[in-house]
Amino acid sequence: MTAFLSQEIYELKKRVEAETARRGHVPTACVVTFGCQMNERDSEKLSGVLLAAGFAESKDETADVVVINTCTVRENANERLYGHLGHLNSMKRANPDKIIALCGCMMQEPDEVERIRRTYSFVDIVFGTHNLYRFPALLARRLAGEKRVFEVWDKEREIVENLPKKREVPYKSGVNIMFGCNNFCSYCIVPYVRGRERSREPGEILKEVRELAADGVIEIMLLGQNVNSYGKTLAEPLSFAQLLDKVCQVEGIERVRFMTSHPKDLSDELIEVMAKNPKVCRHLHLPMQSGSSRILKAMNRRYTKEQYLALAAKIKAAMPDIHLTTDIIVGFPGETEEDFEETLDVVRRVRFDSAFTFIYSPRTGTPAAKMPDQIPPEVVKERFPRLLELVQKIGSEESLRELGQTLPALVEAVDDAHPGRVTGRLGNNVMVHFDGGEELIGTIVNVKLKECRGFYYLGTQVP
Ligand code: SAH
Ligand code: SF4
Ligand code: F3S
(Lines give C-alpha, C1' and ligand atoms only; values in the text may rest on other atoms or scores of the structure.)
(Ligands and ions follow the chains in the order given, each with its own letter.)
Protein backbone atom coordinates (compact mmCIF):
# COMPACT_ATOMS: atom_id res chain seq x y z
CA MET A 1 0.00 0.00 0.00
CA THR A 2 1.20 3.51 -0.76
CA ALA A 3 3.09 4.55 2.37
CA PHE A 4 1.28 7.81 3.10
CA LEU A 5 -2.09 6.18 2.60
CA SER A 6 -1.44 3.38 5.05
CA GLN A 7 -0.26 6.06 7.51
CA GLU A 8 -3.55 7.94 7.05
CA ILE A 9 -5.61 4.81 7.57
CA TYR A 10 -3.55 4.06 10.68
CA GLU A 11 -4.26 7.57 12.03
CA LEU A 12 -7.97 7.07 11.34
CA LYS A 13 -7.87 3.73 13.12
CA LYS A 14 -6.64 5.41 16.29
CA ARG A 15 -9.58 7.84 16.07
CA VAL A 16 -11.99 4.93 15.59
CA GLU A 17 -10.61 3.27 18.72
CA ALA A 18 -11.19 6.48 20.69
CA GLU A 19 -14.73 6.71 19.24
CA THR A 20 -15.41 3.11 20.28
CA ALA A 21 -14.55 3.97 23.86
CA ARG A 22 -16.56 7.20 23.79
CA ARG A 23 -19.67 5.78 22.11
CA GLY A 24 -19.59 2.47 23.92
CA HIS A 25 -19.72 0.52 20.65
CA VAL A 26 -17.67 0.08 17.50
CA PRO A 27 -18.94 2.89 15.23
CA THR A 28 -20.82 1.67 12.18
CA ALA A 29 -20.49 3.03 8.64
CA CYS A 30 -22.52 2.80 5.46
CA VAL A 31 -21.72 3.91 1.90
CA VAL A 32 -24.62 4.68 -0.45
CA THR A 33 -24.07 4.96 -4.21
CA PHE A 34 -26.21 7.13 -6.48
CA GLY A 35 -24.26 6.80 -9.72
CA CYS A 36 -22.91 4.48 -12.40
CA GLN A 37 -20.59 1.47 -12.18
CA MET A 38 -17.61 3.77 -11.80
CA ASN A 39 -19.19 5.34 -8.75
CA GLU A 40 -19.95 1.88 -7.43
CA ARG A 41 -16.31 0.93 -7.73
CA ASP A 42 -15.33 4.16 -5.96
CA SER A 43 -17.77 3.24 -3.19
CA GLU A 44 -16.04 -0.10 -2.78
CA LYS A 45 -12.83 1.84 -2.15
CA LEU A 46 -14.56 4.02 0.45
CA SER A 47 -15.98 0.92 2.16
CA GLY A 48 -12.53 -0.68 2.01
CA VAL A 49 -10.98 2.30 3.79
CA LEU A 50 -13.71 2.31 6.47
CA LEU A 51 -13.31 -1.39 7.18
CA ALA A 52 -9.51 -1.16 7.21
CA ALA A 53 -9.81 1.63 9.78
CA GLY A 54 -11.96 -0.53 12.06
CA PHE A 55 -15.52 0.66 11.42
CA ALA A 56 -18.24 -1.99 11.50
CA GLU A 57 -20.14 -2.33 8.25
CA SER A 58 -23.78 -1.30 8.22
CA LYS A 59 -26.17 -1.91 5.36
CA ASP A 60 -28.47 0.97 6.23
CA GLU A 61 -28.31 4.66 6.94
CA THR A 62 -28.89 4.36 10.66
CA ALA A 63 -25.07 3.98 10.73
CA ASP A 64 -22.85 6.36 12.73
CA VAL A 65 -21.09 7.41 9.52
CA VAL A 66 -23.05 7.70 6.27
CA VAL A 67 -21.23 8.46 3.02
CA ILE A 68 -23.30 9.36 -0.03
CA ASN A 69 -21.44 8.95 -3.31
CA THR A 70 -23.35 11.28 -5.63
CA CYS A 71 -24.07 11.47 -9.37
CA THR A 72 -24.94 14.56 -11.40
CA VAL A 73 -25.34 13.24 -14.93
CA ARG A 74 -28.96 14.44 -15.07
CA GLU A 75 -30.80 16.98 -12.94
CA ASN A 76 -32.96 14.27 -11.31
CA ALA A 77 -29.78 12.81 -9.76
CA ASN A 78 -29.21 16.13 -7.97
CA GLU A 79 -32.86 16.35 -6.92
CA ARG A 80 -32.62 12.87 -5.53
CA LEU A 81 -29.70 13.87 -3.31
CA TYR A 82 -31.45 16.94 -1.94
CA GLY A 83 -34.58 14.88 -1.22
CA HIS A 84 -32.44 12.34 0.57
CA LEU A 85 -30.66 14.95 2.66
CA GLY A 86 -33.95 15.86 4.33
CA HIS A 87 -34.29 12.27 5.47
CA LEU A 88 -30.69 12.17 6.75
CA ASN A 89 -31.23 15.41 8.63
CA SER A 90 -34.10 13.95 10.61
CA MET A 91 -31.98 10.88 11.41
CA LYS A 92 -29.21 13.15 12.61
CA ARG A 93 -31.59 15.03 14.89
CA ALA A 94 -32.29 11.73 16.61
CA ASN A 95 -28.56 10.91 16.74
CA PRO A 96 -26.48 14.13 16.82
CA ASP A 97 -23.28 12.06 16.84
CA LYS A 98 -23.99 10.91 13.31
CA ILE A 99 -21.49 11.96 10.65
CA ILE A 100 -22.71 12.69 7.13
CA ALA A 101 -20.23 12.80 4.26
CA LEU A 102 -20.95 13.65 0.62
CA CYS A 103 -18.62 12.87 -2.24
CA GLY A 104 -18.64 11.99 -5.93
CA CYS A 105 -19.47 13.78 -9.14
CA MET A 106 -21.99 16.32 -7.83
CA MET A 107 -19.44 17.61 -5.32
CA GLN A 108 -17.27 18.72 -8.27
CA GLU A 109 -19.87 21.42 -8.98
CA PRO A 110 -18.94 24.54 -7.01
CA ASP A 111 -22.53 25.89 -6.97
CA GLU A 112 -23.85 22.70 -5.39
CA VAL A 113 -21.09 22.63 -2.77
CA GLU A 114 -21.87 26.27 -1.93
CA ARG A 115 -25.56 25.43 -1.53
CA ILE A 116 -24.68 22.55 0.81
CA ARG A 117 -22.29 24.75 2.78
CA ARG A 118 -24.95 27.43 3.26
CA THR A 119 -28.19 25.53 3.70
CA TYR A 120 -27.33 22.00 4.79
CA SER A 121 -25.31 22.70 7.92
CA PHE A 122 -25.73 19.14 9.17
CA VAL A 123 -23.44 17.85 6.40
CA ASP A 124 -20.05 17.21 8.02
CA ILE A 125 -17.70 16.26 5.20
CA VAL A 126 -17.59 17.09 1.49
CA PHE A 127 -14.98 15.84 -0.98
CA GLY A 128 -14.86 15.26 -4.72
CA THR A 129 -13.87 12.68 -7.30
CA HIS A 130 -10.25 13.80 -7.61
CA ASN A 131 -9.40 13.52 -3.92
CA LEU A 132 -11.33 10.37 -3.07
CA TYR A 133 -8.21 8.83 -1.57
CA ARG A 134 -8.03 11.69 0.93
CA PHE A 135 -11.17 10.35 2.65
CA PRO A 136 -9.38 8.73 5.64
CA ALA A 137 -7.54 11.98 6.41
CA LEU A 138 -10.73 14.07 6.10
CA LEU A 139 -12.74 11.74 8.31
CA ALA A 140 -9.94 11.71 10.90
CA ARG A 141 -10.03 15.51 11.00
CA ARG A 142 -13.78 15.46 11.63
CA LEU A 143 -13.38 12.88 14.39
CA ALA A 144 -10.62 15.02 15.91
CA GLY A 145 -13.16 17.77 16.46
CA GLU A 146 -13.16 19.91 13.32
CA LYS A 147 -16.77 20.92 12.73
CA ARG A 148 -17.05 20.75 8.97
CA VAL A 149 -14.40 19.41 6.60
CA PHE A 150 -14.83 20.53 2.99
CA GLU A 151 -12.08 19.67 0.49
CA VAL A 152 -12.67 19.54 -3.27
CA TRP A 153 -9.96 19.75 -5.93
CA ASP A 154 -10.89 21.42 -9.19
CA LYS A 155 -8.53 19.24 -11.25
CA GLU A 156 -7.38 15.65 -11.39
CA ARG A 157 -3.90 14.82 -10.10
CA GLU A 158 -1.98 11.53 -10.13
CA ILE A 159 -3.72 8.15 -10.08
CA VAL A 160 -3.45 6.67 -6.59
CA GLU A 161 -3.18 2.88 -6.66
CA ASN A 162 -3.74 0.25 -3.99
CA LEU A 163 -6.62 1.66 -2.00
CA PRO A 164 -8.23 -1.09 0.07
CA LYS A 165 -11.51 -2.25 -1.49
CA LYS A 166 -14.53 -4.03 -0.14
CA ARG A 167 -16.36 -5.86 -2.94
CA GLU A 168 -20.15 -5.91 -2.98
CA VAL A 169 -20.17 -9.51 -4.23
CA PRO A 170 -17.42 -12.13 -3.92
CA TYR A 171 -17.50 -13.61 -7.44
CA LYS A 172 -17.46 -10.57 -9.72
CA SER A 173 -15.79 -7.19 -9.71
CA GLY A 174 -15.38 -3.98 -11.64
CA VAL A 175 -11.83 -2.89 -12.44
CA ASN A 176 -11.07 0.71 -13.44
CA ILE A 177 -8.89 0.85 -16.51
CA MET A 178 -9.13 4.60 -17.02
CA PHE A 179 -10.50 7.68 -15.34
CA GLY A 180 -12.05 10.84 -16.76
CA CYS A 181 -13.17 11.65 -20.30
CA ASN A 182 -11.91 13.85 -23.11
CA ASN A 183 -14.88 13.63 -25.43
CA PHE A 184 -16.95 16.59 -24.31
CA CYS A 185 -20.23 15.40 -25.80
CA SER A 186 -22.07 18.71 -25.75
CA TYR A 187 -24.79 17.58 -23.32
CA CYS A 188 -22.53 15.79 -20.84
CA ILE A 189 -21.16 16.97 -17.51
CA VAL A 190 -18.90 13.96 -16.92
CA PRO A 191 -15.70 15.50 -18.40
CA TYR A 192 -16.15 18.50 -16.07
CA VAL A 193 -16.63 16.45 -12.90
CA ARG A 194 -14.28 13.55 -13.67
CA GLY A 195 -11.44 15.44 -15.32
CA ARG A 196 -9.23 14.53 -18.27
CA GLU A 197 -8.80 11.02 -19.54
CA ARG A 198 -6.07 9.03 -17.77
CA SER A 199 -5.32 5.34 -18.33
CA ARG A 200 -4.02 3.10 -15.61
CA GLU A 201 -0.78 1.25 -16.32
CA PRO A 202 -1.54 -2.19 -17.77
CA GLY A 203 0.77 -3.75 -15.15
CA GLU A 204 -1.39 -2.31 -12.35
CA ILE A 205 -4.62 -3.46 -14.01
CA LEU A 206 -3.34 -7.00 -14.54
CA LYS A 207 -2.00 -7.16 -11.00
CA GLU A 208 -5.43 -6.20 -9.69
CA VAL A 209 -7.16 -8.77 -11.93
CA ARG A 210 -4.75 -11.51 -10.77
CA GLU A 211 -5.36 -10.61 -7.14
CA LEU A 212 -9.11 -10.67 -7.70
CA ALA A 213 -8.86 -14.08 -9.40
CA ALA A 214 -6.82 -15.38 -6.45
CA ASP A 215 -9.59 -14.07 -4.20
CA GLY A 216 -12.29 -16.06 -6.01
CA VAL A 217 -13.50 -13.55 -8.61
CA ILE A 218 -14.50 -15.18 -11.90
CA GLU A 219 -16.10 -12.26 -13.77
CA ILE A 220 -14.42 -8.92 -14.46
CA MET A 221 -16.03 -5.73 -15.75
CA LEU A 222 -13.42 -3.34 -17.17
CA LEU A 223 -14.57 0.21 -16.46
CA GLY A 224 -14.02 3.54 -18.18
CA GLN A 225 -16.13 6.30 -19.75
CA ASN A 226 -14.70 5.40 -23.13
CA VAL A 227 -12.77 2.15 -22.89
CA ASN A 228 -12.06 2.16 -26.62
CA SER A 229 -9.63 5.02 -26.23
CA TYR A 230 -7.71 3.22 -23.46
CA GLY A 231 -3.94 3.44 -23.51
CA LYS A 232 -3.45 6.57 -25.56
CA THR A 233 -1.95 8.52 -22.66
CA LEU A 234 0.46 5.78 -21.58
CA ALA A 235 4.23 6.10 -21.99
CA GLU A 236 4.10 2.78 -23.84
CA PRO A 237 0.74 2.85 -25.61
CA LEU A 238 -1.37 -0.30 -25.55
CA SER A 239 -4.74 -0.60 -27.26
CA PHE A 240 -7.91 -1.59 -25.43
CA ALA A 241 -8.10 -4.73 -27.57
CA GLN A 242 -4.60 -5.74 -26.46
CA LEU A 243 -5.45 -5.09 -22.83
CA LEU A 244 -8.67 -7.12 -23.13
CA ASP A 245 -6.71 -10.01 -24.58
CA LYS A 246 -4.27 -9.92 -21.66
CA VAL A 247 -7.07 -9.78 -19.08
CA CYS A 248 -8.67 -12.85 -20.70
CA GLN A 249 -5.42 -14.74 -20.22
CA VAL A 250 -5.49 -14.37 -16.44
CA GLU A 251 -6.04 -17.80 -14.97
CA GLY A 252 -9.25 -18.16 -12.97
CA ILE A 253 -11.07 -15.38 -14.81
CA GLU A 254 -13.88 -16.96 -16.78
CA ARG A 255 -15.84 -13.96 -18.03
CA VAL A 256 -14.85 -10.45 -19.07
CA ARG A 257 -17.19 -7.54 -19.78
CA PHE A 258 -16.45 -3.88 -20.35
CA MET A 259 -18.17 -0.51 -20.19
CA THR A 260 -18.56 1.91 -21.96
CA SER A 261 -17.70 1.75 -25.64
CA HIS A 262 -17.85 4.93 -27.66
CA PRO A 263 -18.80 4.04 -31.25
CA LYS A 264 -16.28 6.47 -32.74
CA ASP A 265 -13.32 4.59 -31.25
CA LEU A 266 -14.46 0.97 -31.61
CA SER A 267 -11.73 -0.72 -33.66
CA ASP A 268 -11.71 -3.76 -35.94
CA GLU A 269 -8.98 -5.10 -33.70
CA LEU A 270 -11.43 -5.07 -30.77
CA ILE A 271 -14.08 -6.92 -32.75
CA GLU A 272 -11.45 -9.53 -33.67
CA VAL A 273 -10.28 -10.00 -30.08
CA MET A 274 -13.87 -10.30 -28.88
CA ALA A 275 -14.86 -12.74 -31.59
CA LYS A 276 -11.92 -15.09 -31.04
CA ASN A 277 -12.12 -15.04 -27.27
CA PRO A 278 -14.86 -17.09 -25.61
CA LYS A 279 -14.20 -15.40 -22.25
CA VAL A 280 -15.45 -12.06 -23.59
CA CYS A 281 -19.17 -11.91 -22.91
CA ARG A 282 -21.45 -11.66 -25.91
CA HIS A 283 -22.83 -8.32 -24.83
CA LEU A 284 -21.86 -4.90 -26.06
CA HIS A 285 -23.24 -1.64 -24.74
CA LEU A 286 -22.88 0.85 -27.57
CA PRO A 287 -24.54 4.17 -26.72
CA MET A 288 -25.97 5.79 -29.85
CA GLN A 289 -27.66 8.81 -28.18
CA SER A 290 -29.53 9.81 -31.36
CA GLY A 291 -30.21 8.38 -34.80
CA SER A 292 -30.04 11.75 -36.54
CA SER A 293 -26.67 12.70 -38.05
CA ARG A 294 -27.54 16.37 -37.60
CA ILE A 295 -28.22 15.93 -33.88
CA LEU A 296 -25.19 13.65 -33.46
CA LYS A 297 -23.06 16.47 -34.87
CA ALA A 298 -24.59 18.97 -32.44
CA MET A 299 -23.94 16.44 -29.65
CA ASN A 300 -20.27 16.28 -30.73
CA ARG A 301 -20.46 12.48 -30.96
CA ARG A 302 -18.25 12.36 -34.06
CA TYR A 303 -20.13 9.63 -35.97
CA THR A 304 -23.12 9.69 -38.29
CA LYS A 305 -26.25 7.60 -38.41
CA GLU A 306 -24.77 5.61 -41.32
CA GLN A 307 -21.50 5.00 -39.49
CA TYR A 308 -23.38 3.77 -36.43
CA LEU A 309 -25.52 1.42 -38.52
CA ALA A 310 -22.46 0.08 -40.36
CA LEU A 311 -20.64 -0.50 -37.08
CA ALA A 312 -23.58 -2.36 -35.53
CA ALA A 313 -23.86 -4.51 -38.66
CA LYS A 314 -20.14 -5.29 -38.64
CA ILE A 315 -20.25 -6.35 -34.98
CA LYS A 316 -23.29 -8.57 -35.56
CA ALA A 317 -21.69 -10.16 -38.61
CA ALA A 318 -18.56 -11.05 -36.61
CA MET A 319 -20.57 -12.28 -33.60
CA PRO A 320 -24.11 -13.27 -34.57
CA ASP A 321 -24.94 -14.21 -30.97
CA ILE A 322 -24.00 -10.80 -29.55
CA HIS A 323 -26.58 -8.75 -27.66
CA LEU A 324 -26.40 -5.04 -28.38
CA THR A 325 -27.72 -2.50 -25.90
CA THR A 326 -27.64 1.28 -26.07
CA ASP A 327 -28.37 4.67 -24.50
CA ILE A 328 -30.69 7.15 -26.22
CA ILE A 329 -31.44 10.78 -25.35
CA VAL A 330 -34.82 12.29 -26.30
CA GLY A 331 -35.32 16.04 -26.62
CA PHE A 332 -31.78 17.28 -27.28
CA PRO A 333 -31.93 21.00 -28.25
CA GLY A 334 -33.10 21.40 -31.84
CA GLU A 335 -34.45 17.83 -32.16
CA THR A 336 -37.26 17.92 -34.74
CA GLU A 337 -39.90 15.30 -35.40
CA GLU A 338 -37.77 14.18 -38.39
CA ASP A 339 -34.67 13.81 -36.18
CA PHE A 340 -36.69 11.78 -33.70
CA GLU A 341 -37.99 9.56 -36.52
CA GLU A 342 -34.35 8.89 -37.47
CA THR A 343 -33.76 7.63 -33.92
CA LEU A 344 -36.78 5.31 -34.21
CA ASP A 345 -35.44 4.16 -37.57
CA VAL A 346 -32.07 3.12 -36.09
CA VAL A 347 -33.85 1.29 -33.26
CA ARG A 348 -35.90 -0.63 -35.85
CA ARG A 349 -32.85 -1.45 -37.96
CA VAL A 350 -30.35 -2.40 -35.25
CA ARG A 351 -32.97 -4.17 -33.11
CA PHE A 352 -31.34 -3.55 -29.72
CA ASP A 353 -31.82 -6.16 -27.03
CA SER A 354 -32.47 -3.33 -24.63
CA ALA A 355 -31.95 0.40 -24.39
CA PHE A 356 -31.74 2.99 -21.64
CA THR A 357 -33.81 5.96 -22.71
CA PHE A 358 -33.25 9.37 -21.14
CA ILE A 359 -34.97 12.73 -21.36
CA TYR A 360 -32.37 15.38 -22.18
CA SER A 361 -31.40 17.28 -19.05
CA PRO A 362 -29.54 20.60 -19.40
CA ARG A 363 -26.32 20.61 -17.33
CA THR A 364 -24.79 23.88 -16.20
CA GLY A 365 -21.54 24.64 -18.00
CA THR A 366 -22.13 22.29 -20.96
CA PRO A 367 -22.49 23.78 -24.47
CA ALA A 368 -25.89 22.17 -25.08
CA ALA A 369 -27.41 23.96 -22.08
CA LYS A 370 -26.86 27.26 -23.92
CA MET A 371 -28.09 26.09 -27.32
CA PRO A 372 -31.17 27.81 -28.70
CA ASP A 373 -34.27 25.78 -29.38
CA GLN A 374 -34.51 23.81 -26.15
CA ILE A 375 -37.38 21.36 -26.61
CA PRO A 376 -40.56 22.12 -24.64
CA PRO A 377 -41.51 19.43 -22.08
CA GLU A 378 -44.82 18.70 -23.81
CA VAL A 379 -43.00 17.72 -27.02
CA VAL A 380 -40.63 15.44 -25.08
CA LYS A 381 -43.60 13.94 -23.22
CA GLU A 382 -45.12 13.03 -26.55
CA ARG A 383 -41.92 11.55 -28.05
CA PHE A 384 -40.50 9.67 -25.08
CA PRO A 385 -43.27 7.03 -24.71
CA ARG A 386 -43.18 6.35 -28.45
CA LEU A 387 -39.49 5.49 -28.21
CA LEU A 388 -39.97 3.48 -25.03
CA GLU A 389 -42.75 1.42 -26.57
CA LEU A 390 -40.67 0.59 -29.64
CA VAL A 391 -37.56 -0.24 -27.61
CA GLN A 392 -39.56 -2.56 -25.34
CA LYS A 393 -41.37 -4.27 -28.19
CA ILE A 394 -38.14 -5.00 -30.07
CA GLY A 395 -36.29 -5.88 -26.86
CA SER A 396 -38.92 -8.44 -25.90
CA GLU A 397 -38.68 -10.02 -29.36
CA GLU A 398 -34.87 -9.98 -29.56
CA SER A 399 -33.52 -10.49 -26.08
CA LEU A 400 -34.97 -13.98 -25.69
CA ARG A 401 -33.91 -15.33 -29.08
CA GLU A 402 -31.81 -18.13 -27.51
CA LEU A 403 -34.93 -20.00 -26.38
CA GLY A 404 -34.26 -23.74 -26.43
CA GLN A 405 -30.47 -23.39 -26.26
CA THR A 406 -28.27 -24.48 -23.36
CA LEU A 407 -25.98 -21.68 -22.18
CA PRO A 408 -23.69 -21.06 -19.20
CA ALA A 409 -25.15 -18.81 -16.49
CA LEU A 410 -23.33 -17.22 -13.56
CA VAL A 411 -25.60 -17.71 -10.56
CA GLU A 412 -26.00 -14.40 -8.74
CA ALA A 413 -28.80 -14.76 -6.21
CA VAL A 414 -31.54 -16.82 -4.66
CA ASP A 415 -34.87 -15.87 -6.22
CA ASP A 416 -36.64 -14.26 -3.25
CA ALA A 417 -40.09 -14.68 -4.74
CA HIS A 418 -39.60 -18.42 -5.35
CA PRO A 419 -37.82 -20.43 -2.66
CA GLY A 420 -35.69 -23.18 -4.17
CA ARG A 421 -35.00 -21.14 -7.28
CA VAL A 422 -31.91 -19.13 -8.23
CA THR A 423 -31.18 -16.34 -10.72
CA GLY A 424 -28.30 -16.53 -13.15
CA ARG A 425 -26.87 -14.13 -15.72
CA LEU A 426 -26.04 -15.34 -19.22
CA GLY A 427 -22.99 -13.98 -21.01
CA ASN A 428 -25.32 -11.83 -23.12
CA ASN A 429 -26.58 -10.20 -19.90
CA VAL A 430 -30.06 -11.79 -19.99
CA MET A 431 -31.26 -13.34 -16.72
CA VAL A 432 -32.51 -16.90 -16.27
CA HIS A 433 -34.36 -18.37 -13.28
CA PHE A 434 -34.10 -22.06 -12.49
CA ASP A 435 -34.35 -24.57 -9.63
CA GLY A 436 -31.29 -24.62 -7.40
CA GLY A 437 -29.94 -23.69 -3.99
CA GLU A 438 -27.82 -20.99 -2.41
CA GLU A 439 -24.67 -23.12 -2.81
CA LEU A 440 -24.72 -22.38 -6.55
CA ILE A 441 -24.17 -18.63 -6.04
CA GLY A 442 -20.92 -17.54 -7.66
CA THR A 443 -20.63 -20.58 -9.91
CA ILE A 444 -21.19 -20.94 -13.64
CA VAL A 445 -23.61 -23.71 -14.60
CA ASN A 446 -25.22 -24.80 -17.86
CA VAL A 447 -28.89 -23.98 -18.14
CA LYS A 448 -31.38 -25.04 -20.78
CA LEU A 449 -33.56 -22.06 -21.64
CA LYS A 450 -37.08 -23.45 -21.66
CA GLU A 451 -39.55 -20.60 -21.43
CA CYS A 452 -39.62 -16.84 -22.12
CA ARG A 453 -41.02 -14.58 -19.43
CA GLY A 454 -41.02 -10.98 -20.58
CA PHE A 455 -37.34 -10.10 -20.45
CA TYR A 456 -36.00 -13.22 -18.73
CA TYR A 457 -36.02 -17.01 -19.15
CA LEU A 458 -37.14 -19.91 -17.07
CA GLY A 459 -34.74 -22.84 -17.44
CA THR A 460 -33.36 -26.02 -15.96
CA GLN A 461 -29.82 -26.83 -14.97
CA VAL A 462 -28.19 -29.48 -17.10
CA PRO A 463 -24.84 -31.21 -16.51
N1 SAH B 1 -19.41 7.46 -21.20
C2 SAH B 1 -20.62 6.89 -21.56
C3 SAH B 1 -21.85 7.49 -20.93
C4 SAH B 1 -21.84 7.99 -19.54
S5 SAH B 1 -23.31 8.79 -19.03
C6 SAH B 1 -20.77 7.05 -23.08
O7 SAH B 1 -20.23 7.90 -23.69
O8 SAH B 1 -21.53 6.30 -23.62
C9 SAH B 1 -24.54 7.58 -19.37
C10 SAH B 1 -25.61 8.05 -20.28
O11 SAH B 1 -26.32 9.13 -19.72
C12 SAH B 1 -25.16 8.57 -21.60
O13 SAH B 1 -24.88 7.57 -22.53
C14 SAH B 1 -26.30 9.45 -22.06
O15 SAH B 1 -27.25 8.71 -22.79
C16 SAH B 1 -26.93 9.87 -20.75
N17 SAH B 1 -26.71 11.30 -20.51
C18 SAH B 1 -25.54 11.93 -20.30
N19 SAH B 1 -25.75 13.25 -20.13
C20 SAH B 1 -27.09 13.46 -20.24
C21 SAH B 1 -27.93 14.61 -20.19
N22 SAH B 1 -27.42 15.82 -19.99
N23 SAH B 1 -29.26 14.44 -20.35
C24 SAH B 1 -29.78 13.21 -20.55
N25 SAH B 1 -29.04 12.10 -20.63
C26 SAH B 1 -27.70 12.21 -20.48
FE1 SF4 C 1 -20.08 11.97 -21.44
FE2 SF4 C 1 -19.51 11.67 -23.99
FE3 SF4 C 1 -17.61 11.30 -22.16
FE4 SF4 C 1 -19.60 9.55 -22.38
S5 SF4 C 1 -18.05 9.98 -23.93
S6 SF4 C 1 -18.80 10.44 -20.49
S7 SF4 C 1 -21.33 10.83 -22.92
S8 SF4 C 1 -18.63 13.21 -22.65
FE1 F3S D 1 -23.00 9.95 -12.60
FE2 F3S D 1 -20.50 10.52 -12.25
FE3 F3S D 1 -21.15 8.18 -13.23
S4 F3S D 1 -22.03 11.91 -13.01
S5 F3S D 1 -23.03 8.61 -14.32
S6 F3S D 1 -21.66 8.93 -11.23
S7 F3S D 1 -19.35 9.36 -13.73
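**Figure 1. Ser43 in helix α2 of the predicted model.** Ser43 counts as buried at 5% relative accessibility, where buried means under 20% relative accessible area, exposed over 50%, and partly exposed in between (1.4 Å probe, protein chains only). The residue belongs to helix α2 (residues 37-52). Helices (H or I, at least four residues) and strands (E, at least two) are DSSP runs, numbered from the N terminus. Leaving aside residues up to four places away in sequence, Ser43 touches Val31, Thr33 and Asn69; a contact means heavy atoms within 4.5 Å. This is a predicted model, in which local features need pLDDT of at least 70, side-chain atom pairs count only at pLDDT 80 or more, and totals for chains, interfaces and linings use all residues. Side-chain values use heavy atoms, with hydrogens and water left out, residues are numbered from 1 along each chain as its sequence is written, and chains are lettered from A and ligands numbered from 1 in the order in which they are written.

**Figure 2. Helix α3 and its cover.** Helix α3 (residues 75-94) has 20 residues, which at 1.5 Å a residue should span 28 Å; the expected span is 1.5 Å times one less than the number of residues. Its end C-alpha atoms are 30 Å apart, in agreement with that value. The buried residues of α3 are Ala77, Asn78, Leu81, Tyr82, His84, Leu85, Leu88, Asn89, Met91 and Lys92. An α-helix has 3.6 residues a turn, so residues three or four places apart point the same way. Cover for the buried residues of α3 includes β3 (65-70), β4 (99-104) and α4 (110-119).

**Figure 3. The shell around ligand 2.** Cys181, Asn183, Phe184, Cys185, Tyr187, Cys188, Val190, Pro191, Gln225, His262 and Arg301 surround ligand 2, each with a heavy atom within 4 Å of the molecule. By class, this shell holds seven nonpolar, three polar and one charged residues. Ala, Val, Leu, Ile, Met, Phe, Trp, Tyr, Cys and Pro count as nonpolar, Asp, Glu, Lys and Arg as charged, and the others, Gly among them, as polar.

**Figure 4. The shell around ligand 3.** Around ligand 3 lie Gly35, Cys36, Asn39, Cys71, Thr72, Val73, Cys105, Arg194 and Gln225. The shell around ligand 3 divides into four nonpolar, four polar and one charged residues. Gln225 is listed for ligand 2 and for ligand 3.

Figure 5. Met259 and Thr260 are joined by a cis peptide bond, with omega about 0°. Thr260 lies in the loop between β11 (255-259) and α9 (268-276). Gln289 is not a glycine, yet its phi is positive, near 70°. The loop that holds Gln289 runs between β12 (283-285) and α10 (293-298), and the residue is buried, with a relative accessible area of 7%. Asn429, also not a glycine, has a positive phi of about 85°. Asn429 sits in the loop between β16 (421-426) and β17 (431-435) and is partly exposed, at 30% relative accessible area.

**Figure 6. The whole protein, for orientation.** The secondary structure comes to 13 helices and 19 strands. The radius of gyration is 23 Å, close to the 23 Å that the globule rule gives for 463 residues, so the protein is as compact as a globular protein of that length. The radius is taken over C-alpha atoms, and the rule is 2.2 Å times the number of residues to the power 0.38. Buried residues make up 57% of the 463 residues.
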